Amino acid sequence: MIDYSVYLKGGFIPTKMTSVICNNCSHTINAGPIYKPKFCDMCGAPISDNLDKIKWEYEDTDWLSYVSYLVEEYPDYLIVKIKYDRTEWGLIGLPPDVEHIPVIIGKNMEDILHFVNERGSREYFEDDFEPATVSELIAYAKTCGQFWKG
Ligand SMILES: [Zn+2]
């Protein structure tokens with residue numbers, strides 16, 4: 001089985017990845033455009049996909065592709081946004097910049113806090129977030145550059 005996914009290369013560059021999964025043991029087989037084995041390197045079962053015909057995708061992509069992939073693959077993930085009054089704009093009393101309030105997706109609050117605190121310019125706590133919708137996440141991802149803050 002061929003599986004296309006999007007992951008964060010080096011923790012911050014959304015990147016497409018192509019994996020060959022064994023139909024027998026579900027192991028991710030070591031394979032690529034220049035290495036196309038005929039058998040699973042874990043259980044020895046023959047690989048049923050024609051590795052000459054598949055499209056290998058490895059290139060860097062954008063945040064929209066990354067969050068769209070997460071929303072589709074992990075519908076139970078938590079989507080939250082930073083409360084306006086906790087943002088830099090809110091803290092210094094500037095008008096709302098609703099276009100750029102970070103909206104984050106993660107498997108749980110711990111995962112989200114780890115993600116933002118590794119990259120953000122200040123430390124965030126659970127209380128800094130409120131629930132957000134998929135459309136808010138998508139809208140935010142469209143404004144993002146390479147960095148999560150956009
Ligand atoms: Zn196998």
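Which loop holds serine 26? In this predicted model, serine 26 sits in the loop between strand S2 (13-21) and strand S3 (28-29). Its phi is positive, at about 65°, although serine 26 is not a glycine. Most residues other than glycine have a negative phi. Serine 26 has 11 other C-beta atoms within 10 Å, and exposure here means 12 or fewer, so serine 26 counts as exposed.

**The sheet**

Three strands make an open sheet. Their order is S5-S4-S6, with antiparallel pairing. Strands S5 and S6 stand at the edges; each has a single partner strand, so one side of each lacks a neighbour in the sheet. Neighbouring strands of this sheet are turned by 40° against each other on average, direction ignored.

| Strand | Residues |
|---|---|
| S4 | residues 78-82 |
| S5 | residues 103-106 |
| S6 | residues 129-131 |

S4 and S5 run antiparallel and are joined by four bridges. Leucine 78 has its bridge partner in S5: glycine 106.

**The helix across the sheet**

Helix H4 covers residues 134-143. H4 lies across S4 and S5 and runs at about 115° to S5. Which residues of H4 are buried? They are Leu137, Tyr140 and Ala141. Seen down the axis of H4, the buried residues fall within an arc of 100°, so they line one face of the helix. These buried residues pack against S4 and S5, and also against helix H1 (63-73).

Key: Residues are numbered from 1 along each chain as its sequence is written. This is a predicted model: local features need pLDDT of at least 70, side-chain atom pairs count only at pLDDT 80 or more; totals for chains, interfaces and linings use all residues. Two strands pair if DSSP finds at least two bridges between them. Helices (H or I, at least four residues) and strands (E, at least two) are DSSP runs, numbered from the N terminus. Axes are lines fitted to C-alpha atoms, for helices over the stretch in contact, and angles run from 0 to 180 degrees between N-to-C directions. Two residues are in contact if their C-beta atoms, placed from the backbone, lie within 7 Å. A residue is buried if 20 or more other C-beta atoms lie within 10 Å of its own, exposed if 12 or fewer, and partly exposed in between; C-beta atoms are placed from the backbone. The arc is that of the directions from the helix axis to the C-beta atoms.
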